[in-house]
Amino acid sequence: MNIFRNIFALLCLLASSNAFSLNGAASGGSSFVVSQRASAAAATVALPRVNNARPGMFMGPKSKFGVFSPAVYAARVVLGSKKLNMIRGKGISLHSAKISEFCTFFGAYHLRTRLVKKAKNNGDILGFLV
């Protein structure tokens with residue numbers, strides 16, 4: 001059981017690795033720093049609020065087919081939907097807890113929500129949410 005836990009933790013780490021990738025590797029800057037800069041135009045013009053819902057943030061039939069989708073389909077056949085959803089929920093809660101620990105350890109708890117959303121988006125792209 002410990003081997004499965006380690007493999008699952010490794011897969012979760014690999015799935016969320018895009019959350020820390022550099023944007024513009026040639027310049028050496030990260031997307032976090034770029035997104036935190038205040039724009040002069042944004043400060044002078046009040047923009048209307050828009051819906052923050054993203055089209056790629058769904059579960060079920062609207063999820064993307066990814067690399068791990070065949071394994072998820074096979075697990076659904078072998079385990080059944082109810083057992084698969086229980087295992088998936090446990091994995092998501094463990095991964096969210098590790099993200100929280102990471103953010104608390106580095107004093108960046110304000111990034112927790114963004115990292116959890118990024119992990120969900122990466123899981124969707126990889127095919128874990130089919």
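**Burial, fold and a surface patch**

Mentor: This is a predicted model. Of the protein's 130 residues, 18% count as buried.

Trainee: How many helices and strands does the protein have?
Mentor: There are 6 helices and 0 strands, so the order along the sequence reads α-α-α-α-α-α.

Trainee: And what share of the contacts with a separation of 6 or more comes from residues 24 or more positions apart?
Mentor: Such pairs account for 69% of those contacts in the protein.

Trainee: Which residues make the nonpolar surface patch?
Mentor: Val77, Val78, Leu79 and Ile87 make it, and the patch covers about 410 Å². Helix α4, residues 69-79, gives the largest share, 3 residues.

Trainee: Take Val78, which sits in α4. Why does Val78 count as exposed?
Mentor: Because its relative accessibility is 68%, and the cut-off for exposed is over 50%.

Trainee: What about α4 and α5, how do their axes cross?
Mentor: The axes of α4 and α5 (residues 81-106) come within 7 Å and cross at roughly 125 degrees. That angle is why the two helices count as oblique to each other.

Trainee: Which residues make that contact?
Mentor: From α4, Val72, Ala75, Arg76 and Leu79; from α5, Ser81, Lys83, Leu84, Ile87 and Arg88. Leu79 and Ile87 are also among the residues of the nonpolar patch.

Notes
Residues numbered from 1 in each chain as written. Predicted model: local features only at pLDDT ≥ 70, side-chain atom pairs only at ≥ 80, totals over all residues. Heavy atoms only, no water. Patch = residues over 30% accessible without salt bridge, like charges linked within 9 Å, V, L, I, M, F, W, Y side chains within 5 Å. Areas by Shrake-Rupley, 256 points an atom, 1.4 Å probe, with all protein chains shown as cover. Salt bridge = Lys/Arg side-chain N within 4 Å of Asp/Glu carboxyl O. Helix = DSSP H or I, 4+ residues; strand = E, 2+ residues; numbered from the N terminus. Buried < 20%, exposed > 50% of the residue type's maximum accessible area, 1.4 Å probe, protein only. Axes fitted to C-alpha atoms, helices over the stretch in contact; angles between N-to-C directions. Parallel < 35°, antiparallel > 145°, perpendicular 65-115°, else oblique. Contact = heavy atoms within 4.5 Å.
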